[in-house]
Structure formats: structure tokens, C-alpha cells
Amino acid sequence: MSFHKFISTILHPIVTPTLGVMLYFLLIPINLSSDKKFSVLSLIFISSYLIPLLVLVLLKKFKLIKNFQTESIKERKLPVALMIFLFYFLGNTMNNLSSLRELSLLFYATSIGLIIIYILFFFKIKASIHLLSISIPTGFFLVLSTNNSQSYIIVIIILILLSGILASARLHLKAHNKKEVYIGFFLGMIIPILLNYIL
């Protein structure tokens, strides 16, 4: 496996939500037992990784997609629609738990980002979901820095650097053009910040 494919795989959109929440639990002091944190992580892992993976396997089995990369806009429509609802469900679930209400922003932002990406399909624009999924935690930690009066600058810098590496990988693999990569990245950065003023 090439370096670019490796980066695209380990930072795949179905992986980053679980990684983002793990990072949140490591950095943010919250009144939640280890067992409850594990339960939350399990729910997120099942909803954002196992279910989408199972759907992709079924779609490939029935030849509705050529491979797990879902390269064409047509192939992406159904998986993206599913992810919109799954992330909205996760956002509602976190919002109903007082100790994790802050975390709901991460999932609502992802759901809205995916809705915009789905709308862009009708304009023949295949914005990068990889870049959306890694830049949303970046925007999220920017919001937390302001709301909690706490600097997460190291985390934010690392996430931006990873975004750059991932963008380079997606371009090298010819999965996207520059415009699609930039759209995915800036959507992910801006939506959590805007949503923070609404929720």
C-alpha cells in the first residue's frame, strides 16, 4: 500500500469521528465514568464505522458501487444520505446527555456538512468528505478554545497539518481536484463555528 493510500485509509471519514471523540475524552475534563465513556465510544464506533462499513459491503456485493472508495457522485449519494441521518442521530443522542451536550456540536456539524456536500452533487461537485471529516474536529476544538477559555492550539495545529497531508494524498490519488479539497476543508472548519452561535 502506498503512503497516500495509507493516509487516506487511516484518516477515512468513517474512522475520524471515533478518533475525534477519543481526543475529546482525553483533553476535556468531564464528569463521566470510564464505563460510560466506553459506552459512548462504542455507540459512535457502531454508528459511524460499523454500520457504514456494512452498508458499503452490501452495496459492493449488489454491484451498486465498484469499490469502497465510492469514486463517482452517483455511488456516493446513498452512503452520504445514510451518514447524514446517522450523525444527526448521534447529535441528538449527545444533546440529550447533559454532560456530553458540548459533543453534540461535532455530530450536528458533520450532518450539516454532509447535507451541503449532498446538495453539491446536483451541481456535479464532489467535495472531499475526507477533508470535511478531519477539519470538523479542527473547527470544533477552535470553538472549545473560545467557550472554555482553554488553548488547544497544539491539537489544532496537528489537525491542520494532518489535513494538509490528507489533502495532498487525495490529490495525488486523483480522488479530487483542488477545488473539491478546499470546499471540504473550509466547510468543516466553518460549520462548527457558525453552529456554535445557533445551538
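Helices (H or I, at least four residues) and strands (E, at least two) are taken here as DSSP runs, numbered from the N terminus. The structure is a predicted model, in which local features need pLDDT of at least 70 and side-chain atom pairs count only at pLDDT 80 or more, while totals for chains, interfaces and linings use all residues. Residues are numbered from 1 along each chain as its sequence is written, and side-chain values use heavy atoms, with hydrogens and water left out.

A look at confidence comes first. The pLDDT, which is the predictor's confidence in each residue, from 0 to 100, averages 91 over the protein, and 97% of the residues score at least 70. Where pLDDT is low, the predicted coordinates should not be read in detail.

Helix H2 (residues 16-27) packs with helix H3 (residues 34-61) at an angle of about 165°, their axes lying 9 Å apart. Axes are lines fitted to C-alpha atoms, for helices over the stretch in contact, and angles run from 0 to 180 degrees between N-to-C directions. H2 and H3 are therefore roughly antiparallel to each other, a label given to angles over 145 degrees. The crossing of H3 by H2 is right-handed, meaning that the near helix is turned clockwise from the far one by less than a right angle. Where the two helices meet, Pro 17, Thr 18, Val 21, Met 22 and Phe 25 of H2 are in contact (heavy atoms within 4.5 Å) with Lys 37, Val 40, Leu 41, Ile 44, Phe 45 and Ser 48 of H3.

Helix H6 (residues 129-147) holds Ser 133. With a relative accessibility of 11%, Ser 133 counts as buried, a term for residues under 20% relative accessible area (1.4 Å probe, protein chains only). A polar atom of the Ser 133 side chain lies 2.8 Å from the backbone oxygen of His 130. Apart from neighbours within four places in sequence, Ser 133 is in contact with Leu 11, Pro 13 and Thr 16.

Two loop residues are worth a stop as well. Ser 149, in the loop between H6 and helix H7 (153-172), is not a glycine, yet has a positive phi of about 50°. At 67% relative accessibility, Ser 149 counts as exposed, the term for values over 50%. Lys 174, in the loop between H7 and helix H8 (178-196), likewise has a positive phi, of about 60°, without being a glycine. Lys 174 is exposed, with a relative accessible area of 73%.

Notes. A polar contact is a pair of N or O atoms within 3.5 Å; within protein, one must be able to donate a hydrogen and the other to accept it, and residues adjacent in sequence count only if both atoms are side-chain atoms. Angles under 35 degrees count as roughly parallel, over 145 as roughly antiparallel, 65 to 115 as roughly perpendicular and the rest as oblique.
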